[in-house]
Amino acid sequence: MVNIIINEWKILLRNRAIMYITTVFVLSLIAIVWIGIFQNNNQKDIQLSAQKHIRNQWDNLKPMNPHRAAHYGSYVFKPVSVLNSLDDGISGITGNVLKLEGHIQNEIVYSEASQSISISKFGKLKSSLVLQYVIPLFLIFLAFSSISSEKQTGRLKLLIFQGISLFKLIFSKSISIWLYGVFLLFITITIQALFSTIDSETIQRLIFIFISYSCYYFIISCLTTYFSSAFKNNTSALSSILAIWILWTIFLPKIWGNAVEKIYPLPSRQNFKSIMKEDRAKGIDGHNPSDQRREQLKNKYLVEYNVDSLKQLPINFDGIVMQADEEYGNLVWDKHFGNNYSIFQKQKRLYQISGLLNPFSSLQNLSMGFCGNDMIHHLDFLKKAEEYRRYLVKSLNDKHAFGGSKTGNWKWSADNTFFRSVEKFEYKTPTIGDQIGHYVIDIFFLLFWVMITTLLIRLYINKNILL
Amino acid sequence: MKKYIEIALIEISHLTRSPFKIISILFYMIAVIYGCQNGYNLFKKHNNEIMSIKADYEESIEKMLVKYEEIENGTLNKSRRDPTTPYWAIWNTPSYAFKYPSSMMVFSLGQSEQYGYYKRVTNWSSTFDNDLAEEIANPERLAMGTLDFNFVLIYLTPILLIILLFNIGGLEKDLNFDNLIYVNNISKKNWLLSRFSFYFVLLNIILFLLLIPYGLLAAVFQNEAISFLKLSLLILIYNLIWFLIFYLINYWGKNSPDHAIKMISTWLVFCIIIPGAFHQVASLKYSTNYMTDYLDVSRDQRYGIFDLPADTIQSKLLKIFPKLQNTIYAADTSLNKSIVDKSISGLVNVLNKEVVKKIEKSNDDKNKFVKSYFILNPVVYFQNKINSFTKTDYYAYRSYRKYIQSIIDKKIDLILVDTWNNVNVNKGKYIQYVKIFN
């Protein structure tokens with residue numbers, strides 16, 4: 001088998017056209033990875049400077065009432081992952097800026113896609129675009145005639161007469177073509193690792209990416225070679241594998257993606273907002289002094305501090321009410337956003353199941369997942385931002401309640417030292433070890449396809465092709 | 001000529017004998033129907049959502065009218081947010097800005113899923129508010145895009161053509177009898193042209209037969225007949241370009257696999273590589289805007305205005321809105337903090353408008369850059385052209401933002417003039433406000 005693979009590579013290297021194309025591929029990949037990293041670093045700098053700008057404003061807040069500061073709020077900017085330069089996944093269409101403030105849980109806004117006319121439907125020219133669309137197609141072009149040409153020229157019979165099994169011959173040809181894809185993949189991943197600042201976590205992610213793409217290239221190489229052996233001529237082999245490629249890469253992802261949203265529908269924004277508003281109204285209204293639930297809370301505190309009126313309280317009851325309102329709001333948020341997140345997860349799982357028919361969707365999921373740019377990572381960022389919002393607002397409400405002011409004294413101000421003492425938001429992308437559970441289905445289906453295509457060659461090669 | 005018409009007609013039997021091609025055409029037809037249906041569903045959804053919001057706000061208008069009656073009868077005391085003052089009356093006048101979907105939306109969803117299409121407008125609003133976020137949707141699905149007719153036409157039509165055309169003239173070369181054809185006094189050029197013409201006619205007939213029912217369903221011919229004609233012309237031109245490219249490939253090609261490889265590579269270059277490259281370059285040149293300028297206005301600069309002394313705010317208002325000088329309050333020399341406070345949104349709006357102008361300009365620069373390379377990136381040109389016919393492109397939503405701004409301006413104008421003229425709002429005046437904003 002090794003001899004056949006070496007021989008195939010010798011033939012490949014002797015072909016000038018292939019050498020030219022390979023050179024072009026390698027140079028293009030170097031350029032694409034480098035530009036990707038450059039663009040990524042550029043975007044990262046802008047994101048960091050925006051975050052710094054906002055933090056500076058917070059650090060330089062002049063003395064003000066903590067509740068006013070809660071309305072003033074803060075902003076967080078979605079960070080750019082290191083491997084964004086390889087696959088930017090959903091980052092182009094999700095928002096980038098999230099306002100964190102009291103009473104309200106805002107949504108992330110200002111996506112890149114909303115800032116210009118529509119450009120590419122398949123995303124930016126990043127390594128993933130080449131690795132997912134161009135290289136597999138090139139492997140198809142290399143493999144579609146690998147057996148049928150041997151058949152047409154009668155060389156196939158000669159090779160078999162020399163004692164090699166048909167399976168070994170076809171499998172070796174698949175492997176030699178697969179190795180070509182792996183070679184280009186290796187170059188891409190190596191350049192990515194060399195040019196960007198990476199840590200052990202990124203290396204782990206790159207290894208996973210390498211394995212995922214290798215599996216996909218194996219599937220494509222084996223399937224094309226199988227078709228090449230199964231069909232009478234090159235034309236039939238090529239048209240069949242191209243039809244499958246189109247179905248996998250263009251048709252199925254879109255159709256299945258739309259279908260999962262219909263199977264697990266999300267509420268409309270208007271509906272979602274009005275239901276949340278309704279539920280929120282059942283809690284305490286921090287700004288409404290005649291609210292009944294506020295009265296109950298007031299009585300509780302009067303008893304606790306053994307006083308008759310709010311004025312006698314050593315603390316500021318307004319801060320207590322605001323925090324109670326906030327905590328109720330958090331429960332409402334957990335319920336409704338939690339419900340949305342659970343729908344998203346269900347949709348994701350159902351989409352992952354399409355890997356049974358379409359290994360390309362498994363590859364896409366894994367690629368953006370390992371690059372930290374899929375929905376799982378996006379939702380993680382939103383959850384962490386919400387956790388920070390709760391911390392921020394609670395700190396301000398606690399200061400309002402226990403910072404030394406009395407109930408009704410809205411003119412009381414917290415000083416700048418206090419605002420500076422509030423921790424800043426720092427987001428750390430979850431480790432792939434913690435997240436891998438989300439991708440088990442994709443990994444399983446990719447391996448399933450590797451097995452299927454190997455078995456296809458092993459068990460279903462028609463010996464009649466020799467006749 | 002007759003000979004070539006016959007050649008074109010014989011192509012029918014070639015086609016019917018190829019189940020692979022027939023299945024591809026059927027798949028394509030399903031994709032067109034599916035794409036139009038997706039467009040129609042979104043068109044209906046937008047309309048229904050708008051209707052439901054309108055029903056809600058009509059209910060709130062009724063409630064306000066009852067409130068005014070009760071105040072006028074003396075059965076209800078004025079609340080903290082006194083509705084007899086112009087400020088709170090206008091605040092309570094529901095005014096939504098809607099972006100009504102164009103009937104043509106059935107043919108292209110464009111960028112409609114990236115923007116909000118309804119907004120409650122107040123005097124404190126701006127065109128980049130949080131509530132203008134897009135509908136709740138799965139981000140991975142959004143990134144993949146919806147299969148609409150635009151996608152089918154721009155990306156799948158060339159693929160169908162590859163399947164239909166790659167062995168036209170190629171099969172004869174594969175089997176080495178192509179020269180037999182030319183010895184029959186048939187020119188290669190015309191022979192290929194006749195066969196290609198058959199598929200050109202067939203494709204366009206299929207497209208229009210499928211588009212017309214959806215056009216009727218969404219009342220396109222009543223509302224957007226001209227846009228539909230433009231779209232039709234664009235479809236013909238787009239298809240013609242691909243036919244021309246594939247014709248040249250087949251004319252110069254060696255055999256069917258050679259045609260297929262060149263055709264799919266051309267598709268890959270024009271539909272994926274070139275748009276992807278321009279997308280990457282555009283984001284390199286014009287990085288994602290984190291809108292810090294806008295955030296500064298909506299927070300720091302706004303708070304800065306709140307902290308100004310009332311007399312400074314008043315003089316600023318008089319400078320920016322000179323017509324206020326003719327109002328009752330302006331003639332009064334005493335300072336009324338309540339009136340000044342209710343007018344602050346006028347100053348904030350000026351700041352908002354300035355920063356929005358800057359943001360829109362930076363977006364426009366990016367768009368200009370992308371558009372200046374349309375000659376090298378024709379697929380994206382066609383894609384955006386269709387989006388513009390269906391009013392689902394960036395510019396349609398920019399116009400919508402301008403419309404929102406015009407409502408904000410109108411609200412502020414009314415608040416300022418009526419507040420400074422000490423207008424007392426009763427039921428009649430409130431109805432006037434409702435009419436102005438609806």
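User: Is S214(A) buried or exposed, and what is its relative accessible area?

Analyst: This is a predicted model, in which local features need pLDDT of at least 70 and side-chain atom pairs count only at pLDDT 80 or more, whereas totals for chains, interfaces and linings use all residues. Residues are numbered from 1 along each chain as its sequence is written, chains are lettered from A and ligands numbered from 1 in the order in which they are written, and side-chain values use heavy atoms, leaving out hydrogens and water. Buried means under 20% relative accessible area, exposed over 50%, and partly exposed in between (1.4 Å probe, protein chains only). S214(A) is therefore buried, and its relative accessible area is 8%.

User: Which residues is S214(A) in contact with, leaving aside its neighbours within four places in sequence?

Analyst: S214(A) lies in helix α8 of chain A, residues 200–230; helices (H or I, at least four residues) and strands (E, at least two) are DSSP runs, numbered from the N terminus. Contact means heavy atoms within 4.5 Å. With neighbours within four places set aside, the partners of S214(A) are W178(A), V182(A) and L185(A).

User: Why is chain A described as more spread out than a compact globule, and what is its radius of gyration?

Analyst: Chain A has 17 helices and 2 strands. For its 467 residues the globule rule gives 23 Å, and the radius of gyration is well over that, so chain A is more spread out than a compact globule. The radius is taken over C-alpha atoms, and the rule is 2.2 Å times the number of residues to the power 0.38. The radius of gyration of chain A is 30 Å.

User: What share of the residues in chain A is buried?

Analyst: The C-alpha atoms of chain A fill a box of roughly 105 × 40 × 40 Å along the principal axes. Among its contacts between residues at least 6 apart in sequence, 81% join residues at least 24 apart. Of the 467 residues in chain A, the buried share is 60%.

User: How many helices and strands does chain B have, and what is its radius of gyration?

Analyst: The secondary structure of chain B comes to 18 helices and 2 strands. The globule rule gives 22 Å for 438 residues, and chain B is well over this, so it is more spread out than a compact globule. Its C-alpha trace spans about 105 × 45 × 35 Å along the principal axes. The radius of gyration of chain B is 30 Å.

User: How far apart are the mean positions of the positive and negative charges of chain B?

Analyst: Lys and Arg count as positive and Asp and Glu as negative, while His and the chain ends are not counted. The place of a charge is NZ of Lys, CZ of Arg, CG of Asp or CD of Glu. In chain A, the mean positions of 49 positive and 34 negative charges are 10 Å apart. In chain B, with 48 positive and 38 negative charges, the separation is 6 Å.

User: Which residues of chain B lose the most area to chain A?

Analyst: The contact takes 86 residues from chain B and 91 residues from chain A. The chains bury about 8,100 Å² between them, 63% of it on carbon and sulfur atoms; buried area is the accessible area (1.4 Å probe) that two parts lose on being put together, summed over both. Together accounting for 11% of what the chain B side buries, the residues that lose the most are I136(B), Y290(B) and R299(B).

User: Which residues does P257(B) touch, not counting residues up to four places away in sequence?

Analyst: P257(B) lies in helix α11 of chain B, residues 256–285, and is buried, with a relative accessible area of 9%. It is 86 residues from L171(B) in sequence, yet the two C-alpha atoms are 9.5 Å apart. The residues touched by P257(B) are F144(A), N234(A), T235(A), L238(A) and D174(B).

User: Is M291(B) buried or exposed, and what is its relative accessible area?

Analyst: M291(B) is in the loop between α11 and α12 (292–306) of chain B. Its phi is positive, about 60°, although M291(B) is not a glycine. M291(B) is buried, with a relative accessible area of 2%.

User: What is the relative accessible area of K391(B)?

Analyst: K391(B) sits in the loop between α16 (378–389) and α17 (394–420) of chain B. Although not a glycine, K391(B) has a positive phi of about 55°. K391(B) is partly exposed, and its relative accessible area is 35%.

User: How far apart in space are V417(B) and T327(B), C-alpha to C-alpha?

Analyst: V417(B) lies in helix α17 of chain B and counts as partly exposed at 25% relative accessibility. Neighbours within four places aside, V417(B) is in contact with K323(B), L324(B) and T327(B). V417(B) and T327(B) are 90 residues apart in sequence, and their C-alpha distance is 7.1 Å.
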